[in-house]
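Good morning, and thank you for joining this group meeting. Please look at the sequence and the model together while I go through a few of the features.

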Amino acid sequence: MQGRPTQVIGVDADTEIIAKCRRLQESLQWEDLAFHESRIADFRPVAQPDVVLSLHACDTATDEAIAQGIRWQGDVVLAAPCCQHELHDQVRHPDFQPILRHGILKQRTADILTDAFRALVLRIMGYKTDVVEFVSPEHTSRNLLIRAVKTQAPGDGAATQEYVRLKQFWDVTPYLEELLGDMLEPYLEVV
């Protein structure tokens with residue numbers, strides 16, 4: 001990578017996936033690639049990562065990757081979310097009952113809210129963040145990418161206000177907030 005020494009570390013809790021990746025890595029003889037069997041929240045890197053990338057990490061594993069990217073002070077956090085269930089049971093609002101009574105519409109609403117909260121948390125924590133489509137929808141319906149680049153100190157007041165208002169409106173607590181508790185809480189208390 002542009003003459004820089006690079007090491008790529010893959011982390012997954014699935015034993016079979018890690019074994020398959022290790023076999024592939026060995027067959028290609030790629031020395032700067034390693035795989036570790038671990039939950040993302042439990043993984044401790046030897047060196048601070050510059051980039052944290054989460055590709056289709058199921059349910060709250062995406063939140064774990066984002067939280068770890070923030071905790072590790074990664075320069076870039078990229079997350080392509082997969083299935084998301086943690087807000088599904090929390091989402092309720094009487095004005096949205098015509099949408100929320102239908103399972104698929106409720107799920108999609110919860111997915112959108114989950115990713116909006118993720119993007120806002122990254123902004124609060126000092127990342128310039130956007131949400132983009134990174135693969136054509138004809139290839140996969142899971143084509144959303146949350147892209148965040150560390151550009152400033154934490155404490156974006158506008159993002160914090162938006163986050164708090166969205167939380168209050170839907171009466172939810174995103175899992176990412178729980179994961180970052182001690183780091184995020186001081187900014188949320190200011191509003």
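Phe 117 and Tyr 163 are both buried, a word used here for under 20% relative accessible area, with exposed meaning over 50% and partly exposed anything in between, for a 1.4 Å probe and protein chains only. Please bear in mind that this is a predicted model, in which local features need pLDDT of at least 70 and side-chain atom pairs count only at pLDDT 80 or more, while totals for chains, interfaces and linings use all residues. Residues are numbered from 1 along each chain as its sequence is written, and side-chain values use heavy atoms, leaving out hydrogens and water.

Let me turn to the aromatic rings. Rings of Phe, Tyr and Trp (for Trp, the six-membered ring) pair if their centres lie within 6.5 Å; planes under 30 degrees apart count as stacked, over 60 as edge-to-face, and the rest as tilted. The count by this rule is five aromatic pairs. In one of them, the ring centres of Phe 96 and Trp 170 are 4.9 Å apart and the planes stand at 50 degrees, so this pair is tilted. It connects distant parts of the chain, 74 residues apart: Phe 96 belongs to the loop between E4 and helix H3 (97–100), and Trp 170 to helix H5 (residues 157–170). Helices (H or I, at least four residues) and strands (E, at least two) are DSSP runs, numbered from the N terminus.

Phe 96, Phe 169 and Trp 170 together form one aromatic cluster.

I now come to the sheet. It is an open sheet of four strands in the order E3-E4-E6-E5, with mixed pairing; two strands pair if DSSP finds at least two bridges between them. Its edge strands, each pairing on one side only, are E3 (51–55) and E5 (127–133). Strands of a sheet pair through backbone hydrogen bonds, either parallel or antiparallel.

How do E3 and E4 run? They run parallel, and five bridges join E3 to E4 (residues 76–80). Leu 53 stands opposite Leu 78 in E4, and Ser 54 faces Ala 79 in E4. By contrast, E4 and E6 run antiparallel, joined by four bridges; Val 76 has Val 149 as its bridge partner in E6.

Finally, the helices around this sheet. E3, H2 and E4 make a right-handed β-α-β unit; right-handed means that, with the strands pointing away from the viewer, the path from the first strand over the helix to the second runs clockwise. Of the 11 residues in H2 (residues 61–71), 10 are buried, among them Ala 65, Ile 66 and Ile 70. These buried residues pack against E3, E4, H4, E5 and helix H6 (175–190), where contact means heavy atoms within 4.5 Å. After H2 comes Gln 73, with a positive phi near 55 degrees.

Helix H4 (residues 103–124) lies across E4, E5 and strand E6 (144–150), at about 155 degrees to E5. Axes are lines fitted to C-alpha atoms, for helices over the stretch in contact, and angles run from 0 to 180 degrees between N-to-C directions.
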